[in-house]
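Here is a short briefing for a first look. The notes that follow go topic by topic.

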Amino acid sequence: MLAKDRIIVGLEVGTSKVCAVVGEVVDGGNILIIGVGQVASEGVRKGEIVNMEAATQNIHDALIQAEESADVEIRNVYASVTGGHLRCFNNRGSVAVTNEDREITEDEVRNVMLNAKAVNIPMDHVVLHAIRQRFYVDGADGIQTPLGMMGAKLEADVHVIHGVKTRLQNTIRCIKQVPLDVANIAVSSLASALAVLTPEHQQLGAVVIDMGGGTTDYIIYRDGTIQHTGVIAVGGDHITNDIATGLKIPMNRADALKIEHGSLELLDVDETISLKREVGLADREVSKQQLCRIMNLRVEETLSFIKQDLDKHKLTDYLGAGVFITGGCARLRGMERLATTIFGLPVHIGHSHTVNGPTATIESPEYSTTIGLIRYAQGSQRDQHREPTPIQRVTQTFHGYFLKIRAMM
Amino acid sequence: MTPIRKPTESNDAPVRARLKVFGVGGAGCNAVGQIAGAIAGDAQHPLTGIELVAINTDLQALSGITGAEKMQIGSAITHGLGAGGDVELGLRAAQQDAERLEAIAQNTGIVFIVAGLGGGTGTGAAPVVARAAKEQGALVLAFVMLPFAFEGVGRRQKAIAGLDQLKAQADAVICIPNDKLFKVAGERATALDAFQRGNELVATGVQAFWQLLARKGLINVDFADLRNALGSKHSDGLFSFGTATGKEKSREAVKVLLENPLFDGGDVLGKAEAVLISVLGGPDMTLADVQHAVEPISRIASRGQVTMGAAIDEAHANRLTITVIATVNALPRRAAPAPVATRQPVQEVTTPILPLVKPAVSKKEAQAKQENLPLEGVSRGRFEKSEPTLYNGEDLDVPTYIRRGVSLKR
C-alpha cells in the first residue's frame, strides 16, 4: 500500500481537453507517472470555464479514467489555472534590519516578502503567486538565501502574478462539485516550465511557451529564477476558427484538417486536399496553400507578441537554453522552424523529461502542464509552512482578508 | 438646446466655441491650479487663453490658487470649511449656489469638469456643476480621478456612486483611476510626483480639445463635430496620447500611445462608439504623417465613429503628438438618444456660427449608418459570445489574415 501523499494528481481543465495525471513520488524524490485520464473538454473557452455543468462532468470523467488506469483512489488534486485576465509584474520590497546584532532572521525575510507583495493591484484581483527572485543585503546583488547574513537593509525582488478572483474561483468550484478537494492551484505556465525545464535550463535562461487550445502561456527563467510570465488568450482554437472562417468549412472539419494536413510552412506549389463526404457534409476541395497561410499567419502573430514582450523586457539576450514550445500546438508541423526564425534562438519541442513514466505520456507536449503540476505539488508540499498558498489566497473569505489587512496596518 | 453663440456675435473672424475648465473640489482645484501655474510660467504655453475656474467649499484651499477664477460654494452651509468627505454636504453646497454656477457656465461651448471622486465636494458637487453647465447648453466633459485602492472600500464606493451621478449628467466621463498613475509615474515615484502626473494628464486631455478647436488646422474639427461625436452619450471614456520625434515620428507616436498605461490594452477603443483623434505637428507635418498616425487607430476603433483633426503648432516642429479620446456608451443601447445626437445639433449650429466642414459631416453620417453591420460577428466565429481578446487594442479573436488584410487567393 502506498502512503497517501506519495500519490499526487495534477488536473488541467483545459480548453480542448480535461486531463488528469497521477504521479507517484518514488525514492529519492523522483516522480513516476502511473496513470492518465483524459476527456474532450466542453465547458471551457480561452482557458476559462464558461459552462460549469459540462466542465464538472468532464472533470469527473477524466478522474474516473485516471483512477482506473493508476488503480488508486483520488481524493484531492492540484489544478492549473490560466486566462487572459492574468497579469504580472516585478517588484522590490525592502526592510531595515533592526535587531541588535544586525543578523537577518526568518522575521526579516518574511517582512521583506510582505513588503514586496504590498503593491497596488485592482480591487477585484487577487495575488496568485508571489515568487521570490533574489535578495539584496545593503545593496549587494544576487543573494539567494540571506538567512544568517549581517546587514542593515534587506531587499527582495518578487514576481507577482495576479488575476480576477472570481474567475480563478470558477475552476476550484467546479472541482469541488465533483466532489474533490483542491490541494493547491498554479498558473499553467509555471507548471509547464517545471515539467519541461531542468534546473540547468533554468539557470542558463529559457522561455517556455505553452500553446494550448485556448491560451498561450509563457514564462521566462533567468539565472534560475522566474523573470517574467504572460498569457495571451489565443490558442489552437483560434487556428481552427481561422481555418473555418477562411475556408468556409465547419469547425470540426477545420480541426481535422489542421491536424491531418496543416502546416506552418508556406508552400510554393499549391496542392488540393479533398475532404471526404461525411454525414450531412458534401465533398469539398480546399487549397493546402491557403490552409497553411492561415495557420502560419496566426501562429507567427502569436509568437511575435511573445518576442515583442521579451524585447520590451530586454530578456532575449539571457535565454541561453533557448525556447521550449509545449502544449498541443507544439505538435503543429513546422513549429520548430517558424519559432527559430522569429526568436533567433535554439527551439526545442518540450518533452516532460523531468519525470519518469510511459514514453507516450512524457513525450506528448500536451501533458506538460499536468505533469508539471505534480512537480509543483512536490515543491509546495516541501515548503507548505511558509506562506499562504495560491489556493488559500483565492478562496479566502472577505472577512479573513479584512483581518489580514488590519494585521498589516 | 440653446445655440452657443448668437449669429450676430460672429463677425468676419471665424468664431470658435469658448472652453472653460472647472476644477471642482480639492483635487480638481489642484489640477486647475497646476494648469494655471504652467500657463503663467510659459508665455508660449499651448493652453494660453483658456479660462480656468476653481470651485470649492474650502475657502483656504481656494486662496492658494492663482491665475484662475475662484468660486466658493455653499458658504452658508460649510462656512468656508471643506465638506469633510460628506458627499451630501458637497451636493447641498453646490445646489445652494446653482444659479451662480449656471451664470458662470453661460455662453460656453465646452465645459471640462475636473474632479477627484471619493471626497465630499468633488463627488457631491461635480454632478450639480455638470447639470448647470448642461442646462446652459454646453458640451460637458468630465475628467475624474478615482481614489487609490489603498484608500479603502468606503471611499471607493462613494467615488463609484458619484461617478454614476456624473455620467447621468455629463456628455462624457473620462476616468483616470489613480491606481494607473503608478504605472504612468513608475512604482518608485513620490506621492507628489504621481499626483502631479495625474494633473498633467488632465492638462494634456484639455489641451487636445483646445488645440483641435484653436489651432490653425490642416484638417479642421469644429465644435459641431465634437458635439456630434460626444454629445449626450453619457459615456465611459478612454484617453491616451503619444509623442514622438524623428523621421518615423507618426508611427512611433502611435506606438507610444498604444503602450501608454492609460490605454490599458485598448479595451475601450476596440468597443468605442465615438473616437476623437487629434494630431498635432509642426509646419513640417505632411499629410502622410497624419495618415500614418490616424490609420492604425481608426482601424482598431472600427466599430466607432471617428472624428479626427490635425493641427499645426510652430513650436512643435519635427514632433508629432497624437491624442485619442474614445467613448463607449455607458447606458443600455436602446436608451441612447441616437437621432438627437447625430442630427439635431448639426442643423442647429449651421454655417454662420461655426464653419462646418461638409465632407466630414456627410462622411460621418454614412459611417453612423454602417455601425450596425454584423461584420464583426461573422468573423469572430466561435468566439462570438465570448469576451473579445484585446491586445494592443486589436481583437485577436478575429482571424489574423482578416486583420492583416491578407487575401486568400482562390
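Two strands pair if DSSP finds at least two bridges between them. Helices (H or I, at least four residues) and strands (E, at least two) are DSSP runs, numbered from the N terminus. The model is predicted: local features need pLDDT of at least 70, side-chain atom pairs count only at pLDDT 80 or more, and totals for chains, interfaces and linings use all residues. Residues are numbered from 1 along each chain as its sequence is written, while chains are lettered from A and ligands numbered from 1 in the order in which they are written.

**Strand S17 of chain A and its partners**

- A:Val207 has A:Val323 of S17(A) as its bridge partner.
- Strand S12 (residues 206–211) of chain A and S17(A) run parallel, joined by 5 bridges.
- S17(A) also runs parallel to strand S18 (residues 347–349) of chain A, with 3 bridges between them.
- A:Ile325 is partnered by A:Ile349 in S18(A).
- From S17(A) the chain passes through helix H9 (residues 335–343) of chain A to S18(A), a right-handed β-α-β crossover. Right-handed means that, with the strands pointing away from the viewer, the path from the first strand over the helix to the second runs clockwise.
- Strand S17 (residues 322–326) of chain A has 4 of its 5 residues buried, so it is largely enclosed by the rest of the structure. A residue is buried if 20 or more other C-beta atoms lie within 10 Å of its own, exposed if 12 or fewer, and partly exposed in between, with C-beta atoms placed from the backbone.

**The sheet**

- In chain A, 5 strands form an open sheet of mixed pairing, in the order S14-S13-S12-S17-S18.
- Strand S14 (225–232) and S18 of chain A are the edge strands, each pairing on one side only.
- S12(A) and strand S13 (residues 216–222) of chain A run antiparallel, joined by 6 bridges.
- In S13(A), A:Thr216 stands opposite A:Met211.

**Where the chains meet**

- Chain A gives 26 residues to the contact and chain B gives 22 residues. Two residues are in contact if their C-beta atoms, placed from the backbone, lie within 7 Å.
- On the side of chain A that touches chain B, helix H6 (236–247) and helix H8 (288–312) of chain A are the elements that give two or more residues.

**Helix H1 of chain B**

- The buried residues of H1(B) include B:Gly25, B:Cys29, B:Val32 and B:Ile35.
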